Amino acid sequence: MMKVSLRLRIAFLVLLAISLTSIPAVFAQDATEEAPPVELTGEPVRIGFAVAESGGSSLFGQEQVIGAEIARDYFNDHGGINGRPIELVFQDAASDEAGAINAFQTLISSDVVGIVGPTLSQQAFAADPLAEEAAVPVIGPSNTHPDIPGIGDFIARVSAPVTVVAPNAVDAALALNPDVETVAVFYAQNDAFATSETVVFQAYVEEQGLTLLPVQTFQTTDTDFTTQITNVLPSEPDLIIISGLAVDSGNLVRQLRELGFAGPIVGGNGLNSTNMFTVCQALCDGIILAQAYSPLAEGEINQALVEIYEEEQGRTPGQFTGQAFAAVQVFVEALRALDDEVGLDTLELADLRVQLNETLLGLTYEDTPLGTISFTEDGDIVQAAYFVAQIEMSEDGTEGSFVLLPSAEEEAE
Ligand code: 1QQ
């Protein structure tokens, strides 16, 4: 026994020695392929990042933080802000209005040049007016209520509105299930995004000449949906559409399946998180969702993001990561442009914030994870590509992925 283990140990040490001596060769090879990162100097340029790091919506927030950190490191490796390092100042906005207000107040009174956040539209309606009042530019990374850009001149977003995105999922569901006639709609009535999304879904369903069954409401804090489900299942809906956040929607899907609904389910933006897979597990399988991001989209920056994310996380990035990266990128590119134009260090913080807002609204961002993007005068995102995906879960429910469906346009071709 002793001898064997000694021999094994020696063999291991020999192998280790061989692998260690080969490491410099690997580095040398890498170094010839990519220029070494520029050494960054000077005061960091600070960008506030206030998303749901705690509470129910931290499922979204975790994905957003990862996207932001990858963006920061990526752009620091590519020269920072014309040689100055980019620093993200994280402030947990939690999952409610009070959390977002606190985080925004802290960031507004600090030296950040602008803020990415908050996670929910429900929070944005409470916190964004503070930034507007203080003339601090805000980029919403995931706020999809139609009225977000209207909050004020300093409020923009990289998250396409429900009006543009949601109908795509219904189109895809109908292409897959052409016999659908009756539709049951569920929505969280205590959430601003969910109430706006359901309006879009309901109008679109009626436009398609389908029959809308009595609408079912719930709260984002609910865990038991038996009453709503037993209200509507006897009318035998052919399709069910859900507008809520991640945990509530995931539980609702699970209970719909457990109570016997076998038909197609369209999920709204709240089901767009890969973290939601842990809530409905194997029963998430088949959910159809519209997305404003795809890890498959070509483009150098998106592919860099996908590669880094996959290496770090062992899975593929979702929409909330892609949008968070894009939000940081907007600030980075606008800061570089403003620095080129006037020099950041010639400006007082208040002036810098105002000019940064003007600059970011005027630029076109050629290569982001969301494709080429720009902003309307109002601060809404202009984006070219949208996607529809279907969730595919492993049988044991431990792994899942969003599988792209052909878009309605491609189908028509
Ligand atoms: C909003 C949303 C949420 C689902 C994002 C996390 O779209 O609140 O606007």
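Hi everyone. Of the 413 residues in the chain, 49% count as buried; a residue is buried if 20 or more other C-beta atoms lie within 10 Å of its own, exposed if 12 or fewer, and partly exposed in between, with C-beta atoms placed from the backbone. This is a predicted model, where local features need pLDDT of at least 70, side-chain atom pairs count only at pLDDT 80 or more, and totals for chains, interfaces and linings use all residues. Residues are numbered from 1 along each chain as its sequence is written.

Let me start with the overall picture. The chain has 13 helices and 16 strands; these are DSSP runs numbered from the N terminus, H or I of at least four residues for helices and E of at least two for strands. If we take contacts between residues at least 6 apart in sequence, 71% of them join residues at least 24 apart. A contact here is a pair of residues whose C-beta atoms, placed from the backbone, lie within 7 Å.

Now the ligand. Which residues are around the ligand? They are Phe60, Thr119, Leu120, Ser121, Ser142, Asn143, Thr144, His145, Phe193, Leu245, Asn269 and Gly270, with the cut-off being a C-beta atom, placed from the backbone, within 6 Å of the molecule. By class, that shell has four nonpolar, eight polar and no charged residues. For the classes, Ala, Val, Leu, Ile, Met, Phe, Trp, Tyr, Cys and Pro are nonpolar, Asp, Glu, Lys and Arg are charged, and the others, Gly among them, are polar. At least three residues of the shell come from each of domain 1 (45-160 + 297-379) and domain 2 (163-291 + 387-412), with bounds taken from an automatic or database domain assignment.

On to the strands. There is an open sheet of five strands, ordered β2-β1-β3-β4-β5, with parallel pairing; two strands pair if DSSP finds at least two bridges between them. Its edge strands are β2 (86-90) and β5 (155-157), each of which pairs on one side only. Strand β4 (residues 138-140) is joined to β5 by three bridges, and the two run parallel. If you want to find that pairing on screen, look for Val138 opposite Ile155 in β5.

Strand β6 (residues 182-188) is mostly covered, with six of its seven residues buried. Two bridges pair β6 with strand β7 (residues 211-212), again in the parallel sense, and Thr182 stands opposite Thr211 in β7.

For an antiparallel case, go to strands β15 (residues 387-393) and β16 (residues 400-405), which are joined by six bridges. Gln390 has Val403 in β16 as its bridge partner. How many residues lie between β15 and β16 in their hairpin? Six, and Gly397 in that turn has a positive phi of about 75 degrees.

Helix α2 (residues 58-77) has 20 residues and reaches 28 Å from first C-alpha to last, close to the 28 Å expected at 1.5 Å a residue; the expected span is 1.5 Å times one less than the number of residues. Because 14 of its 20 residues are buried, α2 is largely enclosed by the rest of the structure. Just after α2, Gly79 takes a positive phi of about 100 degrees.

Helix α12 (residues 349-362) has 14 residues and reaches 20 Å, close to the expected 20 Å. Its buried residues include Leu352, Arg353, Leu356 and Asn357.

Finally, some backbone geometry. Most residues other than glycine have a negative phi, and most peptide bonds are trans. The peptide bond from Gly117 to Pro118 is cis, with omega near -15 degrees, and Pro118 lies in the loop between β3 (115-116) and α4 (121-133).

Ala135, in the loop between α4 and β4, has a positive phi of about 55 degrees although it is not a glycine. Ala135 counts as partly exposed because it has 15 C-beta neighbours inside 10 Å.

And Glu236: is it buried or exposed? Glu236 has 12 other C-beta atoms within 10 Å, so it is exposed. Glu236 sits in the loop between α7 (226-232) and β9 (239-243), and its phi is positive too, at about 50 degrees.

Notes. Two residues are in contact if their C-beta atoms, placed from the backbone, lie within 7 Å.
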